[in-house]
Structures are given as C-alpha cells and as structure tokens.
Amino acid sequence: MARSTPATAKPSTPAPVTGVGHPGRARIPARTLRTDRYWVQPAITFGVLLAFIIYATIRAFWNGAYYSAPYISPFYSPCLSTNCVPGSGETHPVGDWWTLSPALLILIFPLGFRMTCYYYRKAYFRSFWLSPPACAVAEPHGAYSGETRFPLILNNIHRYFFYAGLVFNVILTWDAILAFRDADGEWGHMGLGTLVLLTNATLLWLYSMSCHSCRHVIGGRLKHFSTHPLRYKSWTFVSKLNTRHMQFAWTSLVGVALTDAYVALLASGAFDDPKFF
C-alpha cells in the first residue's frame, strides 16, 4: 500500500507594500538623483490651479455680475432658480426655495468632470500632494492605497461626469448662438462677447472630445474595427485629439475663467461690448 504524502501547507503571502517602502526598490538615501529643475512644472501647475480655485469660488458665491444681455457667464448657465437675474434664464425648475447663488447648483458637474479627469488627476496628484512631484523623485508618502478609498474612489465615476459635461457643452453652445442677438433680443448682431462665448464653447468641446472616456466610449469595446467603419473613423479622429488632451485641458480652463471675467466686466459696467454688426 502506497503511503500518502501529507499536503505541504503553503506559506501565507504577505500583504503587498507599495510606495517608497516597497522591499523591491533600491535603497537610495537621496530623494532623487535628478539635477534638473523638476519642481518647476508642478509648482506652476499648483499656482495656476490654486488661482483658478480661488477665482471660481469667489465668482460662484458672488451671485451677481453674471448676465449682460445677451451674454451669460458659463459659471451661471443654465440659471435654474427664480432668484436669477431677469433675462438670464427662461425656465426655473428649482423654484424659489434656493436662495443661494445659482452657480452652486451647476458647478458641481463641470468641477466633477475636471476633478476626475485622468490628466487632472496627474496634475493635482503631483502639484498638491507630491505623489510623486516628478518622475524618478521619491514621494513623501510611505504607502499608496490607490483610488480605492474615499474620496479618491469617486474618480471611478469619471465617465458619468463626462456625460454630464456634454450636456453643459450643448447648453453653452446654445448660449453662444443666442449671443448673435442684441440686448433687445433681435437676431443678426455680433459683438466681441459673441466671439468670446463661441471660443469658450469650442474649447470645451475639444476638451471633452479629447477625453480618454470619449475615446473609449466610441471604440474602446470594439473587437473588429472592420465591421464598424464609421465608429473606427470617429475613434481615429478622437484619438488624434487625445494626444493634445493636456493642452485642451489648460486652454479650456483658462478660457472659461476669461469668459466669466468678460461677462462680469460687462455686467458691472466696466466697458461696453464692442459691436461688429
């Protein structure tokens, strides 16, 4: 009779350790061996994003100087409550129970889109959290849990914010079309503000269409491009835009702030909108 061989107990696998303390990493006492000014880019990113956050927060709570017929600030469009400036919105589904700034009702969606954006994650991870500040530079954190805990787990709903962003792009495009009216609502007129709103809408569309989620929605799940020629052409076009996603992310961010500032100056009476016809 053959003797049975007792099963050998498998050693327990230790929990993986990530970050600079990983046992597989080389023990280098210096934080980095780079001699270039690697800190310049994250410092600039930090300054620009911080400036935008401060500006957008002030304007969101301002609750004023956001409409100068026929122009409305992208921070306040669509104006959904009854406390909106007359003429800035035709429908008010929120009603009169909302007494705070109307911008607070809508900014969560474009803000959520940008905060969960793949590029912006890299930008604020490196500039605000130094995680890591640059390639080949050790971060100050001893461990990294990934995007599995609150609040970073919310980054996984980026695609839903992408869909919401498309809705706002349509609304802001309509605002740009309405900008071809004069202050009395007559069509066939164009001012500098019209170009400002058109440029803003265009940059937002380029930012959205170059998004990684947009590329995946169009062709990410296809197994055979040959059976979907139209989607393949669309995927190819979006893929080309995707290579410039970083540039569109920055230009659209600056563009939406400048558009709001332009409308605010008009609404406050700082100057009159130059008319072309």
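**Cavity and cores**

1. In this predicted model, the residues that line the largest cavity are Ile72, Pro74, Leu172, Asp175, Leu197, Asn200, Ala201 and Thr259. By class, the lining comprises five nonpolar residues, two polar ones and one charged.

2. Which helix gives the most to the lining of this cavity? Helix 5 does, with three residues. At least two lining residues come from each of helix 4 and helix 5 (192-209).

3. The space in the largest cavity amounts to about 40 Å³. When the whole structure is searched, one cavity of 30 Å³ or more is found.

4. Turning to the nonpolar residues, the largest nonpolar core consists of 36 residues. Within this core, Phe52, Phe75, Tyr119, Tyr120 and Tyr207 have the most contacts. Two or more residues each are given to the core by helix 1 (40-62), helix 3 (118-127), helix 4 (158-178), helix 6 (212-219), helix 7 (229-242) and helix 8 (245-267). The most comes from helix 8, which gives six residues.

5. Leaving aside residues up to four places away in sequence, Phe52 touches Phe75, Leu253, Val256 and Ala257.

6. As general background, nonpolar side chains tend to be buried together in soluble globular proteins.

Terms used:
Residues are numbered from 1 along each chain as its sequence is written. This is a predicted model: local features need pLDDT of at least 70, side-chain atom pairs count only at pLDDT 80 or more; totals for chains, interfaces and linings use all residues. Side-chain values use heavy atoms; hydrogens and water are left out. A nonpolar core is a set of buried Ala, Val, Leu, Ile, Met, Phe, Trp, Tyr and Cys residues joined through side-chain atoms within 4.5 Å. Buried means under 20% relative accessible area, exposed over 50%, partly exposed in between (1.4 Å probe, protein chains only). Helices (H or I, at least four residues) and strands (E, at least two) are DSSP runs, numbered from the N terminus. Contact means heavy atoms within 4.5 Å. On a 1 Å grid over the protein atoms alone, a cavity is a set of points where a 1.4 Å probe fits but cannot get out, and a pocket is an open set with protein on both sides within 12 Å along at least five of seven lines; lining residues have an atom within 4 Å of a point. Grid points are joined across faces, edges and corners, and a volume is the space filled by probe spheres set on the points. Ala, Val, Leu, Ile, Met, Phe, Trp, Tyr, Cys and Pro count as nonpolar, Asp, Glu, Lys and Arg as charged, and the others, Gly among them, as polar.
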